[in-house]
Amino acid sequence: AFTSTSIDATKLSGALPAIDGSALTNMAGSEGFAVGFASAGWQSLSAGTVVPFDNDSGGDRYDDGSNFNTTTSKYTAPTTGVYMFWWFLYTAQTDTDGSFTIVKNGASVDYMQGTDYFMKYSGHSNDFVLHASLHVKVNAGETIYITAASTSDVYTGHSAFGGCRLS
């Protein structure tokens with residue numbers, strides 16, 4: 001086993017080889033994205049409505065690979081791999097219940113054993129932020145997006161969605 005005492009630094013000599021990065025191909029990871037909204041305000045979303053993220057530029061928003069469609073609010077995976085997605089939604093306004101889910105190619109990602117939502121709030125109408133992240137296998141060409149799983153309010157000025165391929 002390697003330990004900090006298993007190498008005698010006084011015995012090291014010579015130049016280290018140059019690394020220029022030209023041989024670094026087929027590396028894991030991909031272009032990332034972080035999107036938000038073009039304007040701030042409350043939106044009431046009915047069940048099944050895609051959360052309409054429509055801004056992928058300006059501030060800290062970006063879409064390096066042009067894989068996020070600001071018209072449909074869906075991300076299309078450029079290659080097959082394991083992806084990490086994150087999102088946070090400022091919600092409630094006057095709702096006492098609401099729920100959201102992440103959708104992969106038209107079906108809710110089923111991490112919750114048969115529920116129709118990925119995250120939910122219930123029992124009060126205080127504003128707060130729901131946030132989540134997810135690692136999921138996605139095939140090239142599949143879409144990922146966030147929907148309201150029940151009638152829910154979202155404040156667009158404090159909500160965002162993003163992700164990238166990990167491997």
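Reply: Two strands are taken to pair here if DSSP finds at least two bridges between them. The model is a predicted one, and the strand to follow in it is β11, which spans residues 143-148.

In the antiparallel sense, β11 pairs over two bridges with strand β5, residues 74-76, and within this pairing Y75 stands opposite I144 of β11. Strand β7, residues 97-104, also runs antiparallel to β11 and is joined to it by five bridges; there V103 has Y145 as its bridge partner in β11.

As for the two faces, side chains in a regular strand alternate between the two faces of the sheet. In β11 one side carries T143, Y145 and T147, the other carries I144, I146 and A148, and the residues on both sides are all buried. Buried means a relative accessible area under 20%, and because six of the six residues of β11 are buried, the strand is largely enclosed by the rest of the structure.

The loop between β10, residues 128-138, and β11 includes N139. With a relative accessible area of 38%, N139 is partly exposed, since that term covers values between the 20% limit for buried and the 50% limit for exposed. Once neighbours within four places in sequence are left aside, N139 is in contact with A77, T79 and T80. For one of these, T79, the separation from N139 is 60 residues in sequence, yet the C-alpha to C-alpha distance is 6.4 Å.

Note on methods
Residues are numbered from 1 along each chain as its sequence is written. This is a predicted model: local features need pLDDT of at least 70, side-chain atom pairs count only at pLDDT 80 or more; totals for chains, interfaces and linings use all residues. Side-chain values use heavy atoms; hydrogens and water are left out. Buried means under 20% relative accessible area, exposed over 50%, partly exposed in between (1.4 Å probe, protein chains only). Helices (H or I, at least four residues) and strands (E, at least two) are DSSP runs, numbered from the N terminus. Contact means heavy atoms within 4.5 Å.
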